[in-house]
Amino acid sequence: MLISGDAYLPTAEHILIHENIRCAFAVYSRQAVSYLQKLNTFVKDKMFKNLTLLNDMKKVLLILSLIFTFSLVQAQEQRGVSSAQPDLPGMLLFDYGVNILMDAPDDFEINTIRSRSIGFHYLYPISLGESKFSFYPGLGVSSHNYTFENNVTLNTDTPTEIVELDADAYPGIDKTKFSVHYINIPAEFRFFSDEDYRGFTAALGGVVGRRLLSYSKVKFNDNEYEKSKKDFNINPWRYGATARVGFRGITLTGQYMFSGIFVEDEGPSGNTLTVGLTVSLF
């Protein structure tokens with residue numbers, strides 16, 4: 001790198017590196033579109049009985065990582081500095097919370113503390129003029145667990161119902177739950193009192209999610225498991241509102257799903273309220 005005053009001139013080696021990165025980025029972008037199309041096909045056909053979908057999820061996340069790496073290299077080259085902190089636009093959020101059932105029937109009772117939710121979402125900033133407000137669309141994945149309070153599970157018929165587990169077939173039941181994994185498109189309006197994501201922050205927005213995988217799981221007899229991968233008539237789409245308030249990169253987060261967990265009239269009624277903490281990883 002040749003430096004002259006406040007500017008710098010890239011060497012032939014740097015130009016070659018940039019060209020290689022751009023070519024790789026174009027290839028991986030095309031692959032990302034292909035994998036997302038395959039993902040949508042699997043979801044439409046409800047093929048939840050194999051692990052191909054999960055492998056595609058891993059590939060999509062890998063491609064997103066390569067995009068982040070490309071952006072990091074380009075930003076650092078433009079600034080002529082190196083840093084251990086990723087110098088990327090936007091933020092990568094880690095969400096951790098508990099699920100609370102709303103408007104559910106009496107037999108659909110969960111243990112809130114053990115019904116955890118985690119997620120990773122990347123949000124890209126779009127400035128709204130010179131104000132302290134910005135619009136943040138994004139992409140991410142999340143996993144939601146619903147741990148039953150009693151020794152019950154979901155049946156595999158239509159409509160889906162809460163059924164009691166046979167104590168003889170499942171001796172010493174320790175935990176019974178069902179889990180749902182989603183790919184999400186969040187969008188938020190955010191306020192920061194200071195520049196560079198510092199000071200007081202608040203956000204209000206929404207999220208649309210597509211179900212990727214769902215299964216039930218029973219742990220019994222000390223350390224035995226029974227796992228059943230089914231759709232259980234769980235809603236293929238979900239949508240809701242998100243609110244956050246906090247300081248710098250840590251916020252209290254609440255998210256309410258307007259859509260029911262199950263398809264109407266094909267499973268128990270009930271909506272999800274998720275409450276927890278969100279940490280900005282960068």
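The protein exposes about 15,800 Å², with carbon and sulfur atoms supplying 57% of that area; accessible areas here follow the Shrake-Rupley method with a 1.4 Å probe, and for residues only the protein chains shown count as cover. The model is predicted: local features need pLDDT of at least 70, side-chain atom pairs count only at pLDDT 80 or more, and totals for chains, interfaces and linings use all residues. Residues are numbered from 1 along each chain as its sequence is written, and side-chain values use heavy atoms, leaving out hydrogens and water.

Average pLDDT (the predictor's confidence in each residue, from 0 to 100) is 80 for the protein, and 68% of the residues score at least 70. Residues 46-53 fall below 50, and this stretch has 13 contacts (heavy atoms within 4.5 Å) beyond near neighbours in sequence. Over residues 79-85 the pLDDT also stays under 50, with six contacts beyond four places in sequence.

Two helices and 14 strands make up the secondary structure; these are DSSP runs, numbered from the N terminus, of H or I over at least four residues for helices and of E over at least two for strands. Among contacts with a separation of 6 or more, 67% join residues 24 or more positions apart. Of the 282 residues, 39% count as buried, meaning under 20% relative accessible area, with exposed over 50% and partly exposed in between (1.4 Å probe, protein chains only).

Valine 245 lies in strand β12 and is partly exposed, because its relative accessible area is 40%.
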